[in-house]
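Student: I have a model open and would like to go over its main features. Please put it up and start with the terms.

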Amino acid sequence: MLHTAVLLPFLAAFFIPLLYRGVKQVHLGWFVLLVPIVLFGYFLTFIKEVTQGVHTLKTFEWIPSLGVNVTFYIDGLGLFFALLITGIGSLVVLYSIYYLSKAEKLGHFYVYLLLFMGAMLGVVLSDNLFVLYTFWELTSISSFLLIGYWYQREKSTSGALKSMMITVFGGLAMLGGFILMADITGTASIRGIIENGEMIVTSSLFPFILVLVLLGAFTKSAQFPFHTWLPDAMEAPTPVSAFLHSATMVKAGIYLVARLSLIFAGTDLFFLIVSGFGLLTLCWGSYMAVRQTDLKAILAYSTISQLGMIMAMLGFGTEVAILAAVFHILNHATFKGSLFMVAGIIDHETGTRDIRRLGGLFTFMPITATLAFFGTFSMAGFPLPFLNGFLSKEMFFESSLHFENASTIVEAVSPYFPYLAVGGSIFTFVYSIMLFFRTFTGKQRDKLPKEPHEAPIGMLISPIILVLLVILIAFVPNVFGHSLLSPMVDSIAGSAVETHIKFWHGFGPALYMSLTVLLLGTAFYLTRTKWERIYTILPGKLSAAKAYDGVISGIINGSKKITNGYMTGSLRHYMIYILIFFIALVSITISVTGGFKMSFDDLAPIAIPELLIAIVMAGAAFGTIFMKNRIAAILVLGIVGYGLSLLFVFFRAPDLALTQLIVETVTVALFLLCFYHLPNFDKQKQSKRTNAVNWVISISVGVLVTMVGIASHSTKLFEPISEYFLKNSYKLGGGDNVVNVILVDFRGLDTMLEILVLGLAALGIFTMIKLRPSKKEGND
């Protein structure tokens, strides 16, 4: 059942094109909505089991010989993210029904969305590292398609490409770390690796493993300096932003760090990298958000900042920090999801997201403004008792003050963490207040493309539900803490942890830090015009986006220079490159292995007919060199192939003879057909140096191929695989013809893929013929 639940989005995506074509009267989203709702209800049934410490494990053998099985595992951490993916997914699909018109290519949109949903479920529920990686990269592909959904827009395609480049780079690095972890522990099971985590930590490869895995997590969760893809991804439709970039995809990296923290946490290197980059991301993201003028751009940098805060708390590694991190993951999904939807509503109903043009929308859109109030002030951590963001922000401040069993390095750097936490939170307060007041209060600053009006109720339902959750979680945090957060914290910490969330922490350092953020944030907001010139200095001309563009431009320009250096358009040059590489590779291999020997053992006797055929073949081969006509050269060369067929006959290999005869006939016929239409062959005059190079390369290749042919019989570096086929062809394949058994059974997958390639080529040719323009279209 669990496997079916993960596969359900993929199965639904398969039928979406049929529904899209067959049902035009009803918005496609109503059919798609059933998938996340059903899955959300299904995963809710696991809450009771997980709170009781009962975990579910389902295994399906995929590649058992390599230990790669599709194993799905539900514990507190996996269940929380599964509910987040399907719950927010349900609200996003409902929102998209009213946001996207039927004129859009809805079939494409919902296929991509379901693929992403299924991939994310696979990531958070997989117990096998390599299955997790497979789903991980599928999230990159599906998010690429979703971000580039409006492919007519250049910014959409460039944003999609940037997200793909950065996240796939991180994914490949992460794969390297996974391979090392599996090799050290001898298992690809995440549970098995955690049980043998000490082997990884004590290994000399531990620093490399940690950095490689964190590269995957940091790129996916937009941590500094890999954050640049997230603002550009805002060109996607708002439902995509609300789903991918606030609640699910960007939290995949958070999930990975949380899942593997039982291995890495407790080491100074993990603490320094995760906490350091997390706090840096918090400060930089909030700082950069203040300079933005597009609502979704503000929210994008806000997401970067919030993800940095969560990552920092996971790096702290204390029980308080882990509880604060998981609590803020839940809170962030509620208030940020609602704010993205509010931004989409404003764009949908006014025609712009530019806060320089907006203003005074409270009068025209009171419901939307009310939703934005709760979302922005919760995001700011404003000290109001009905905002869940304030509770987790207080816990964040509290976790930055206390570190248990701290090492010398931790004691040296941890005193600076509260200042960074407050600094990043000040700018968080500034952009939150700026987002609300510059959009909904004051006067309208510019004539808008559309007359402002309240959104239809269907578009408001999803953000209303999320805002109600913001308030509900704030009033009864421990209801959610017991059922969702407690099992999740236990999974991360590896033991039972007290998860009581205090509604009031009393007067203490955390409250004073919040009041400092409130006072300084208000002052910074009111004096923004006086200090915003600092952005011309930092980042100034330097930014992560420009660094990315510089790297990509350097790679492209460098590739062009290298390619232009050897792509001269000369076939002779290309053959020289190939043959020189062949000569070097074969020569080195023979010299290193001592692979050349000459042995006359077990050779079949050679009679006069075989000798005559060999002489004729050799003469034909030499004759092609002196031929001045292409057609004659092909025919003479064909003598070599037909002679080889005769040799197979004499040496009692009729099946090989027949195969060689057919291949040679087809080859000669095709060459004759092609060369018949080419111009006449004219001998070119070449310099002595060119002729000398030709002779050296030709003789070298001929000698080496001859040596390889002799060595293939004479040198026995290992047991020949032919013996295995001879012994097992009948036993394992059920056939006496060894060649056929090899092709059909032992190499069955390879043969199937060869047939698949031919089939795809045939389909491609058929498509080109079918879609070629008619004469009328061509004239037009």
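Tutor: Helices here are DSSP runs of H or I with at least four residues, strands are runs of E with at least two, and both are numbered from the N terminus. Note also that this is a predicted model.

Student: Fine. Which residues form the nonpolar patch on the surface?

Tutor: The patch consists of Ile-606, Ile-608, Leu-611, Leu-612, Ile-615, Leu-646, Phe-650 and Phe-651. Together they have about 820 Å² of accessible area.

Student: Which helices each supply at least two residues of it?

Tutor: Helix H29 (608-626) and helix H30 (630-650). H29 gives the largest share, with four residues.

Student: Take Ile-615. Buried or exposed?

Tutor: Ile-615, which lies in helix H29, has a relative accessible area of 52%. It counts as exposed because the cut-off for that class is over 50%.

Student: Now the backbone. Where are the cis peptide bonds?

Tutor: One runs from Phe-224 to Pro-225, with omega near 5°. Another joins Leu-538 and Pro-539, with omega about 10°. Most peptide bonds are trans.

Student: And where do those two prolines sit?

Tutor: Pro-225 is in the loop between helix H11 (206-220) and helix H12 (229-232). Pro-539 is in the loop between helix H26 (528-531) and helix H27 (544-566).

Student: Which residues other than glycine have a positive phi?

Tutor: Ala-222, at about 55°, and Arg-652, near 60°. Most residues other than glycine have a negative phi. Ala-222 is in the loop between H11 and H12, while Arg-652 is in the loop between H30 and helix H31 (654-676).

Student: Are they buried or exposed?

Tutor: Ala-222 is buried, at 0% relative accessibility, whereas Arg-652 is exposed, at 79%.

Student: Changing topic: how many salt bridges are there in the whole structure?

Tutor: The search finds seven. One of them pairs the side chains of Asp-75 and Arg-259, 2.7 Å from N to O. That pair links distant parts of the chain, 184 residues apart: Asp-75 is in the loop between strand S2 (68-74) and helix H5 (76-99), and Arg-259 is in helix H14 (residues 252-264).

Student: How accessible are Asp-75 and Arg-259?

Tutor: Asp-75 has a relative accessible area of 3% and is buried. Arg-259 is buried as well, at 9% relative accessibility.

Student: What does Arg-191 pair with?

Tutor: Asp-127, in a salt bridge of 3.3 Å from N to O. Arg-191 lies in helix H9 (residues 190-195) and Asp-127 in the loop between helix H6 (106-125) and helix H7 (129-147), so this pair ties together parts 64 residues apart in sequence. Arg-191 is partly exposed at 29% relative accessibility, and Asp-127 is buried at 4%.

Student: And what about Arg-353 and Asp-294?

Tutor: Their side chains meet in a salt bridge, 3.1 Å from N to O. Arg-353 is in the loop between helix H17 (319-350) and helix H18 (361-364), and Asp-294 is in the loop between helix H15 (268-289) and helix H16 (295-316), so the pair ties together parts 59 residues apart in sequence. Arg-353 is buried, with a relative accessible area of 16%, and Asp-294 is partly exposed, at 24% relative accessibility.

Student: Which residues are linked with them in a network of salt bridges?

Tutor: Asp-347 is linked in a network with Asp-294 and Arg-353.

Notes: Residues are numbered from 1 along each chain as its sequence is written. This is a predicted model: local features need pLDDT of at least 70, side-chain atom pairs count only at pLDDT 80 or more; totals for chains, interfaces and linings use all residues. Side-chain values use heavy atoms; hydrogens and water are left out. Patches are made of residues with over 30% relative accessible area and no salt bridge: like charges are joined within 9 Å, nonpolar side chains (Val, Leu, Ile, Met, Phe, Trp, Tyr) within 5 Å. Accessible areas come from the Shrake-Rupley method with a 1.4 Å probe; for residues, only the protein chains shown count as cover. A salt bridge is a side-chain nitrogen of Lys or Arg within 4 Å of a carboxyl oxygen of Asp or Glu. Buried means under 20% relative accessible area, exposed over 50%, partly exposed in between (1.4 Å probe, protein chains only).
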